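Work through the exercises below with the sequence and the structure side by side, and try each task before you read its solution.

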Amino acid sequence: MNYSKNFHLFFIPLVFLTTCHFSNFYPDPDDPGLSRFTSRGYNVATTYVNGKSFVNTGSFTPILQKDSTGSTVDTLHFKWNIYRNDSTYLKSAYQSISFLMPVPSVFNKTNLLAFNGQRFLNSVPVTLQDSSLRNFEGIATLYFVSVSETNYSSNQKYIKLSGLFDGNIGDSIHITKGRFDFEIYEDYLNF
Amino acid sequence: MKTFANCIYILISFFSFQANAQSFIALSTGISTDLNNARPFYTVPVTLRWEPFKHSSFFIESIQGTCFTRLSKADAFTTSSQLSEHVVLTEATNLNIQSIGVGGAIVLYTNKKNNRFTLNLSMGICTELFKVKYRNYDMANYEVLNPDVNTRFSGLYASIAGTYNFHKRKQDMFLMMRVQSPSSASGPDHYSLSFHKTAPLELSFGYKLFYNKK
C-alpha cells in the first residue's frame, strides 16, 4: 500500500481540531483569553484558573446528567473538558471541570428549567481534573443566569444554559470569571 | 485601477447629456435617521459634492456623519455574594460614518426661474465605526450578557437623492432628501450585535459654490 499517497489524510483531524474549536469563541475585549458572556447556545465555556485562561474543547456539549446515589438525594453532574487557551495548551494543567450539585431523586427537566436566574453561592462542589486524572476538589458559586427550552421542531428540543461561576480549591487554585453558554439536546439528558 | 477608471469614464459620458453651466462644489448639512435599525441612529451628515465638469453632471461626493449617542439598556451579572446579582447598565453607542463615492445627476424638472429638481444617483465605499461603552460598569465584578463590542463595517453602498435646486438673493441653494443603502460589508465575525449596518435617510440643506463662472 502506498502510505505516502494518503499521508495528507492524517492531517484531517488536525484541521477539525483547529477550525471547529474557535467557531463560536468571540474574544472578550475586557478579559483576554475568555469568550464573551453570551446566552445564545454557542457551546462555549471559558474561565481563568489562577489567572490562566481555559476554554472548553471543540463545540461539544457538556455532560449534564443525574447520577443516582440510591437515596432520596442524587447528584446533578455538570462537566466539560477544558484546555489552556494559549500556545501552551499542550501542557495544560487541567483537562476537565465539573460541578456536582445535590438534587432530589425526583429532579427532572422542569426542575432544571427552574434553575433560571438562580445563584448557588459558595455551595457547589467543584472538581478540576488534571491530565494524570488527579482530582482537585473545592467549592464554587454557580449562577444559572438563563435556562430555557428551545424547540427547533416538534422532535428537536434543546435546553439553553448560560451562566457564571467561580470558586476556590484550597488556597492555591482560584477559578475566576467563569462563564458558560451551552445548548444541550434534550434527548441527551437522563432525567 | 483600470476598471475604476473605466467606470468613471462611463459615468462621465453617461451624465454628459445633463450638462451644467458651470462646475461647482456643494456643501450641505442636515439630519439623518436610519432605516435599517429598529432603534435608529440619528446623525448629522456633512456632505461635500463636487461636479468638476461643465459638460457632465458627473460628481464626486464625500459624506461625514457624526452620530448622536444612542442609549440602550444592558444586563450585567455577578457571582459575588457581596453585590447585587443583577444590575441594569446604560449602553452608549456612538457611530461615525464616512462615505466617498461617485455618481451623476439627472434633471427631472426645470421651471421658468431655472430652479431644478434633480435625481442624484451615486455609489461608493462606506465605512461605519460603532463604538460601544457601558456606563458605570464595574468591569472587575460584573459580566455583561451578550455584550456589544466596537465594530467596523466597510463596504460598497448605493444611494439615491432627490434635490431641489433654487436661487435666492443671488445665492444657489438646494434641499436634498437622500437615502443610502446599507453597505455590502460583512461583519468581522458571526457574532450577533444589537445594531446593524445603517441605511441613512438624510434631509439636508446646502449651498452651491460655482467656480469658472462665465
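Two strands are said to pair if DSSP finds at least two bridges between them, and the strands themselves are DSSP runs (E, at least two residues), numbered from the N terminus. This is a predicted model, in which local features need pLDDT of at least 70 and side-chain atom pairs count only at pLDDT 80 or more, while totals for chains, interfaces and linings use all residues. Residues are numbered from 1 along each chain as its sequence is written, and chains are lettered from A in the order in which they are written.

**Exercise 1.** Explain why strand β1 (residues 44-49) of chain A is largely enclosed by the rest of the structure.

*Solution.* First recall that a residue is buried if 20 or more other C-beta atoms lie within 10 Å of its own, exposed if 12 or fewer, and partly exposed in between, with C-beta atoms placed from the backbone. Then apply this to the strand: five of the six residues of β1(A) are buried, so the strand is largely enclosed.

**Exercise 2.** Decide whether B:Ile31 is buried, partly exposed or exposed, and list its contacts beyond its neighbours in sequence.

*Solution.* Locate B:Ile31 in strand β1 (residues 23-34) of chain B. Because 14 other C-beta atoms lie within 10 Å, B:Ile31 counts as partly exposed. For contacts, which require C-beta atoms, placed from the backbone, within 7 Å, leave aside neighbours within four places in sequence, and B:Tyr42, B:Val44 and B:Leu203 are found. By comparison, the C-alpha atoms of B:Ile31 and B:Phe59, 28 residues apart along the chain, are separated by 22 Å.

**Exercise 3.** State how many residues of each chain are in contact across the two chains, and which elements of chain A take part.

*Solution.* Counting both sides, 18 residues of chain A are in contact with 14 residues of chain B. On the side of chain A, the elements that give two or more residues are β6 (118-130), β7 and β8 (156-169).

Note on methods. Helix = DSSP H or I, 4+ residues; strand = E, 2+ residues; numbered from the N terminus.
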